[in-house]
Each structure stands twice: as C-alpha cells, then as structure tokens.
Amino acid sequence: MGKLDFIREELENLKKEGLYIIIRTIESPQGAWIVVDGKKVLNLCSNNYLGFANHPVLREKAKEAIEKFGVGPAAVRTIAGTMSLHNELERKLAEFKGAEATISFQSGFNANLATIPALVGREDAIFSDELNHASIIDGSRLSRATIIRYNHNDPEDLEKKLREEGGKYRRKLVVTDGVFSMDGDIAPLPEIAEIAAKYDAIMMVDDAHGEGVLGRGGRGIVDHFGLHGKVDVEVGTLSKAFGVVGGYVAGSKEMIEYLRQKARPFLFSSAVTPPDVAASIAAVDILTESDELVQKLWDNAKYFKENMKKLGFDTGKSQTPITPVMLGEAKVAQEFSKRLFDEGIFAQAIGYPTVPRGKARIRVMISATHSKEDLDFALEKFEKVGKELGVI
Ligand SMILES: *Cc1c(COP(=O)(O)O)cnc(C)c1O
C-alpha cells in the first residue's frame, strides 16, 4: 500500500456513487446565455441573481478603479491594504442595510471564518441550524466552542436546547442561514431572534442568498422581517446577487470595531482588489436607487416555479428564486443534467455531501437576466427530459 493510494480509491468511490463532480468551464461572461465547454447554453445555475456579474456600469467602475488604484492592495487591511474604496464600500453598505457599520472581507466564506471565532471560544456554545452552510460549520469548528445543532428551521427545538444546555456555557451564539441555498426556504428569523434574546444569546444570520433578493430593494432578511437592531451579526456576500466577490458583516459600531481588531482573515489575509471593491460599490449604488432588477427577479422566479409545478415537478419548499427540482438518487440527477445540457440548458446536478443522500436535485437559479422566452425554453426542455426519464 502506497501512502497516497487512498486518493485513487476515494476518487473511484466518488465515481461509482455518482458523486464525482464534473467541473464545467465557462468561456463567456456570466448572463442568461453563456458558453460552456464550447457550447452556447441557457444558464440556470449561477448566483448572478440580478445580472451584476457582467453589468456595464460595474464593468466601467472596475476599469476606472484599475486606472486610479491599480489591481492589487498589496497588504492586509490592518497594515497598508485599506484604500479609500474599502471605506466607501463599507459606509455605503451600512447605509443600504440600515446598520450602524459594516466590515468587508475577501468572501462570504471568510466572513464566517472571521466572525465566529472572534465571538466565541472554548467556554462557549454555538446553537446552529442543522442545515447551515459549510462556512458556518467550519467557522464554528475553528472557534473550538461546543456546537449544538438544532432541527432545521425549528425554533421550538432551538429553545429546548438553549433551555437544557445553555446554562453550562459562558457565552451563547445562535446562528442560521437566512435563505438555505439548497432548498430556497427562509429561516423563521423573528422567532429565532426572540428566543436568542430570551436566553441572552448573540444572534447571527448569514444572508448570502437573501442579499439583493429579500427585503425592500434587496436589503436582505433583516429588512424583510423588519428586525433592525434585533440581529447582532448579519453576514452578507458580494459574490452572489452583488455579482462580484467578497463578503461582509453588518452590525453595531462597536461590533464592527471589535471585528476590525480581532477577525483573523482581516488581520492576516490581503484585502479585496480595487476593481472588485469599485464594482461592489456600483452594485450597492444601483440597488440603492432602484428596485427594478429585484422585481424582475421575483416575477421570473414566480413564473418559472408555478409552471414547473403545473408540469408535475417537485420543487420542494422553496420560498425564493432558488428552485430545487427534486430527483432523489444522485445518478438520476446527473443523467437529467446531462440530457438538459444536450438540449441547450446548463443546470447542474447537486448530490451528497452538498445535500443529504437520496435528496439529489437539479437546483435552478432564476435571475433577472432571463427573458420570458428563456424561461419558456427552459420549461419546454424540462418537460421533455422529465418525461423521457420518467420523472413526470
Ligand atoms: C455562498 C455562501 C457563502 C459563501 O459566500 P462566498 O462569498 O461565495 O464565499 C457563505 N454562506 C452562505 C449561506 C452561502 O450560501
């Protein structure tokens, strides 16, 4: 046995189980139609909810930023990497979110890795929804706090666990995704925040898929439920609806000041580049001025979901533009995705470990860039392949 034989075995196992991820290459800008491995296809699987990834204003602002600031920050934020652009982004994001302050990070993933270990440690406990995103799980592990999982979107179970276990710890953190990315359901945040307050726990929500989607003009889940001031930490990403790359935390002035001193990816990993930051600022500006794109996104999502249901597909319990098409076994989902691709549709299959075994699906991401004709084309092809594979 060679010391690296496990790698080949593991790769073979993944292939046998239909869990081997086929990584496609995109050869065009993001948008409704993209070129994938040389083929022009309708894009139903990117997080480009509002079309910002290739928006003309964002492109222009990114170019201007390169002219003015160059391409790299050349330092971490706390040494020499904080440019005026970073400060402008953080100020505008805070205004947009209706929060006192924000701190930006290199990604949403990093925002969680940064924040959770800064807030809790060995003597503390994290009460975490069982379906929380991998970056929350990794941030929690990194903190060395005790992790107590509560049933998905179940405030009663959360309360029971806080009541029974909460007393043993110095500090308590309750953390949940705002929108769950694989099912598209929304956390019952008013109930969760009320329970967290009752048990004196820090309340944190990761709104990666709610940003630019939920709330007035896409201001996110806290705005959606009118919970301003009742959520201590709101994590957001600039990589999904905002179309660029980066993450951030919104909260009180003191919370953000504290994270600037303590968050390790802020202290030890270089800042986001000038063109990225400038493009993110442009996205915030556009959303601050108009909710037109957010409206279009929701119109498209409703139209697609209603018609998929009419065709007999199981779209799970989605309450957002994320539309899972439930297919059961990973192999069926992979075959479905392959057939769709032949028909000119790019919609990736998602299986274990991203979703539980036996709950494989194709996750359709609707965006504001899709036209009615695009959606009708997608519905026609889903119907064709669905009938062919005996799914409907
Ligand atoms: C996508 C996602 C992230 C990661 O965001 P990036 O900016 O892509 O790193 C974090 N949390 C949740 C809930 C997400 O869906």
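This passage covers aromatic pairs, charges over rings and salt bridges in a predicted model. Local features need pLDDT of at least 70 and side-chain atom pairs count only at pLDDT 80 or more, while totals for chains, interfaces and linings use all residues. Side-chain values use heavy atoms, with hydrogens and water left out, and residues are numbered from 1 along each chain as its sequence is written.

Aromatics come first. Rings of Phe, Tyr and Trp (its six-membered ring) pair if their centres lie within 6.5 Å; planes under 30 degrees apart are called stacked, over 60 edge-to-face, and the rest tilted. That rule gives eight aromatic pairs. Helices (H or I, at least four residues) and strands (E, at least two) are DSSP runs, numbered from the N terminus. Both F105 and F266 are buried, where buried means under 20% relative accessible area, exposed over 50% and partly exposed in between (1.4 Å probe, protein chains only).

F313 and F382 also pair up edge-to-face, at 5.8 Å centre to centre and 85° between the planes. Here F313 sits in the loop between α13 (292–311) and β10 (322–328), and F382 in helix α15 (residues 372–388), 69 residues away. F313 counts as buried at 6% relative accessibility, and F382 is buried at 0%. Ring pairs also tie F304, F313, F336 and F382 into a cluster.

As for salt bridges (a side-chain nitrogen of Lys or Arg within 4 Å of a carboxyl oxygen of Asp or Glu), the count is 26. In helix α2 (residues 56–69), K63 and E60 are three residues apart, so about one helical turn separates them; their side chains meet at 4.0 Å, N to O. Both ends are partly exposed, K63 at 45% and E60 at 40%. E123 and R170 form another bridge, with the closest N and O atoms 3.4 Å apart. E123 lies in the loop between α5 (108–119) and β4 (125–129) and R170 in the loop between α7 (155–165) and β6 (172–177), so the bridge ties together parts 47 residues apart in sequence. Finally, salt bridges with shared partners join R339, D342, E343, E380, K381, K384 and E388 into one network.
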